[in-house]
Amino acid sequence: QLSLFRLTVKRLFSASHSSVDSKEMKKFQLLAHKWWDEEGEYSALHSMNDIRVPFIRDTLLNMSSNYHLGNPLSGVKILDVGCGGGLLSEPLGRLGASVTGIDPLEDNIRTADQHKSFDPVLAKRIQYKSSSLEEIVEECMETFDVIVASEVVEHVADLEMFIKCCSQVLKPEGSLFITTINKTQLSYVLGIVVAEKIIGIVPEGTHEWEKFVPPEELERLLESNGFSVKTVNGMLYNPLSGSWSWMESTSINYAMHAVKSGAQGQSSPADALSELESEQPLAAAGTTV
């Protein structure tokens, strides 16, 4: 059953069908060397760390009874999908987590690798790999405690496949953190017209409104693929102060935390066997009646 599943995965994720969008790759290729310029094109992502890192840290600490002073995320295995230049991987590594950052763009990984090498502690805790999510599914089945996909889902070509892959590489009861942009008139005006065309805090052409994902749709996709959505928080960026804050409305940006259902919710080969065994006596009883 498992080998059949692996075969299906291989077919699903053959080169002809991928969650990576080649148009998106070209856009980010041009900016690969600019990730660590805090005043540059990625300044809003730098300051997003002020709210997304505590959100991830505190959510995980509330779910765990293990506290490591100074290294609160010690022993936690995190996959940072679409890690770019490592803007989120590094602070998570500093909190003690063991982080794997993947990105399909080699130039991004080169930038990330170079930057972490300045800090010997991070160099040990973080490993980067130039790869798409579906390319690591087979070798990383149920490997990670946490997946972070921050500002990524609005760039993928096939969102449902992306979520299925997240589920495959997460351990049962593992956490998935997503931040992204809602698909509303307000997000079009602020996220594209204002941010890209008027004040230029995001490079023009970075986002396509058609690919923005409403939280209801993301929630439905997650729930139908074995996740339970725990939290949805609205986020607001202030371009004047360059800072982010939480807000009730999810009409522009939002963060979501979902948990993969536990082993009992998954039908594994072992479950299938025990089901067969428990059904046999019933079948036998049925023949004697």
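Figure 1. Helix α3 covers residues 43-63, and its 21 residues should span 30 Å at 1.5 Å a residue; the expected span is 1.5 Å times one less than the number of residues. The C-alpha atoms at its ends lie 31 Å apart, which agrees. Helices here (H or I, at least four residues) and strands (E, at least two) are DSSP runs, numbered from the N terminus. This is a predicted model, in which local features need pLDDT of at least 70 and side-chain atom pairs count only at pLDDT 80 or more, while totals for chains, interfaces and linings use all residues. Residues are numbered from 1 along each chain as its sequence is written, and side-chain values use heavy atoms, leaving out hydrogens and water. Look along α3 for a kink of about 40 degrees centred on N49; the bend at a residue is the angle between axes fitted to the seven residues ending there and the seven starting there. Of the 21 residues in α3, 15 are buried, where buried means under 20% relative accessible area, exposed over 50% and partly exposed in between, with a 1.4 Å probe and protein chains only.

Figure 2. Follow the 8 strands in the order β3-β2-β1-β4-β5-β8-β6-β7, an open sheet with mixed pairing; two strands pair if DSSP finds at least two bridges between them. At the edges are β3 (126-130) and β7 (243-247), each pairing on one side only. On average, neighbouring strands are turned by 20 degrees against each other, direction ignored. Strands β1 (residues 77-81) and β2 (residues 98-103) run parallel and are joined by 5 bridges. Here V81 stands opposite I102 in β2. Helix α5 (residues 106-116) packs on the sheet, where it touches β2 and β3, and its direction makes about 160 degrees with that of β3. Axes are lines fitted to C-alpha atoms, for helices over the stretch in contact, and angles run from 0 to 180 degrees between N-to-C directions.

Figure 3. Start with E90, which is found in helix α4 (residues 89-94). E90 counts as buried because its relative accessibility is 2%. Beyond its neighbours within four places in sequence, E90 is in contact (heavy atoms within 4.5 Å) with W36, H115, K116, L122, I126 and Y128. Helix α4 is also the place of L92, which is buried with a relative accessible area of 0%. Not counting residues up to four places away in sequence, L92 touches I56, L73, I78, A97, V99 and V148.

Figure 4. Strands β6 and β7 form a hairpin with 4 residues between them, and G242 in the turn has a positive phi of about 70 degrees. The two strands, β6 and β7, run antiparallel and are joined by 5 bridges. The bridge partner of M235 in β7 is W246, and W246 also forms one aromatic cluster with F55 and F177. Y237 and W244 form a tilted aromatic pair, 5.0 Å centre to centre with 45 degrees between the planes. Rings of Phe, Tyr and Trp (its six-membered ring) pair if their centres lie within 6.5 Å; planes under 30 degrees apart count as stacked, over 60 as edge-to-face and the rest as tilted. Y237 is buried, at 17% relative accessible area, and W244 is buried at 11%.
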